[in-house]
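Thanks for asking me to look this over. Here are my notes, point by point, to read with the model open beside you.

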Amino acid sequence: MKTIQLDIVSDVVCPWCAIGYAHLSKAIDSLSDQLEVNINWHPFELNPHMAPEGQEINEHLMEKYGSTADQLQENKNRIRDIGAQAGIELNFDARSRIYNTLDCHKLLTWAEEKGKQTDLKLALFEAYFGNGQNVSERAILKSVVESVGLSSVEAEIVLNDEHYLAKVRDEQAKYRSMGINAVPAVIVNNQFLINGGQPTEVFKQALLEVANQAVNSESPES
């Protein structure tokens, strides 16, 4: 069975990151008899300069994209419908603010060491998109950490540890230097980039193509 490495650059307050992973997960499941897939998540802050209290989300989006209220609502409805088709709930009514996610990324970096990174990522998606929780508030983050079987006591140490801050900053710089300035971005086998929350079939076809290329490159010359 061929093994593929996926490195996913994303943020936990990015709806297309949640949708993209739902589609990618379905593609991986459909190829489980052919491919073994390893996943690592990497940090991207959509709002690195956001104040601790966050910002009202409609205000933020209007400022960022120049959208009208009607355009925002239309876009929310479209994203909600796409999310529902992917099997995830994007509850825009539950969340009224958007937040900085630096602490989320510190915890995700730590969770990788514990073998719980994807579990924590999905739990953070659910906390923000499903429940509208403030994912910059440490009490909430520690509760999410506990929900996936990690220690909130250790999490508090991680959140105050300069080591994890440095690791997040280094990774962000690395992927910026590679030209990644929007998410989600899925890097396959350190060679191929898939941008955006693509449909399941797009991910499936890309994974198969990469796997086949890898097999062909390993074949002896005739």
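1. Throughout this note, contact means heavy atoms within 4.5 Å. Please keep in mind that this is a predicted model. With that cut-off, which residues does Val 9 touch, leaving aside residues up to four places away in sequence? The list is His 42, Pro 43, Phe 44, Tyr 175, Ile 180, Val 183, Pro 184 and Ala 185.

2. Val 9 itself sits in strand E1, which covers residues 2-10. Its relative accessibility is 1%, so Val 9 counts as buried. The C-alpha atom of Val 9 is 6.0 Å from that of Trp 41, although 32 residues separate the two along the chain.

3. Two of the partners of Val 9 are Val 183 and Pro 184, and they deserve a look of their own. The peptide bond from Val 183 to Pro 184 is cis, with omega near 5°. Pro 184 belongs to the loop between H8 and strand E5 (185-188).

4. Trp 41 leads on to the aromatic residues. The structure holds four aromatic pairs. One of them joins Tyr 21 and Trp 41 in a tilted arrangement, with 5.1 Å centre to centre and 55° between the planes. This pair links distant parts of the chain, as Tyr 21 is in helix H1 (residues 15-30) and Trp 41 is in strand E2 (residues 35-43), 20 residues apart. Tyr 21 and Trp 41 are both buried.

5. Trp 41 has another ring partner. With Phe 125 it forms an edge-to-face pair, 6.4 Å centre to centre and with 80° between the planes. Why does this pair tie together parts that are 84 residues apart in sequence? Because Trp 41 lies in strand E2, whereas Phe 125 lies in helix H5 (residues 117-130). Trp 41 has a relative accessible area of 3%, and Phe 125 counts as buried at 6% relative accessibility.

6. Next, the helices. Two packed helices are described by the angle between their axes and the distance between the axes. For H1 and helix H3 (residues 69-86), the axes come within 9 Å and cross at roughly 25°. Angles under 35 degrees count as roughly parallel, so H1 is roughly parallel to H3. The crossing of H1 past H3 is left-handed.

7. Who meets whom there? H1 brings Pro 15, Trp 16, Ile 19, Ala 22, His 23 and Lys 26, while H3 brings Arg 78, Ile 79, Ile 82, Gly 83, Gln 85 and Ala 86. By class, the residues of this contact of H1 with H3 are seven nonpolar, three polar and two charged.

8. Gly 20 is also found in helix H1. At 5% relative accessibility, Gly 20 counts as buried. Not counting residues up to four places away in sequence, Gly 20 touches Gly 197 and Phe 203. Its C-alpha atom is separated by 25 Å from that of His 49, 29 residues apart along the chain.

9. H4 contributes Leu 102, His 105, Lys 106, Thr 109, Trp 110 and Glu 113, and H8 contributes Tyr 164, Leu 165, Lys 167, Val 168 and Arg 169. The contact of H4 with H8 has five nonpolar, two polar and four charged residues.

10. Last, please check two backbone angles. Asn 189 has a positive phi of about 55° although it is not a glycine, and Asn 190 has a positive phi near 60°. Asn 189 is placed in the loop between E5 and strand E6 (192-195), and Asn 190 lies in the loop between E5 and E6. Are these asparagines buried or exposed? Asn 189 is buried, with a relative accessible area of 18%, whereas Asn 190 is exposed, with 62%.

Conventions
Residues are numbered from 1 along each chain as its sequence is written. This is a predicted model: local features need pLDDT of at least 70, side-chain atom pairs count only at pLDDT 80 or more; totals for chains, interfaces and linings use all residues. Side-chain values use heavy atoms; hydrogens and water are left out. Rings of Phe, Tyr and Trp (its six-membered ring) pair if their centres lie within 6.5 Å; planes under 30 degrees apart count as stacked, over 60 as edge-to-face and the rest as tilted. Helices (H or I, at least four residues) and strands (E, at least two) are DSSP runs, numbered from the N terminus. Buried means under 20% relative accessible area, exposed over 50%, partly exposed in between (1.4 Å probe, protein chains only). Axes are lines fitted to C-alpha atoms, for helices over the stretch in contact, and angles run from 0 to 180 degrees between N-to-C directions. Angles under 35 degrees count as roughly parallel, over 145 as roughly antiparallel, 65 to 115 as roughly perpendicular and the rest as oblique. A crossing is left-handed if the near helix is turned anticlockwise from the far one by less than a right angle, and right-handed if clockwise. Ala, Val, Leu, Ile, Met, Phe, Trp, Tyr, Cys and Pro count as nonpolar, Asp, Glu, Lys and Arg as charged, and the others, Gly among them, as polar.
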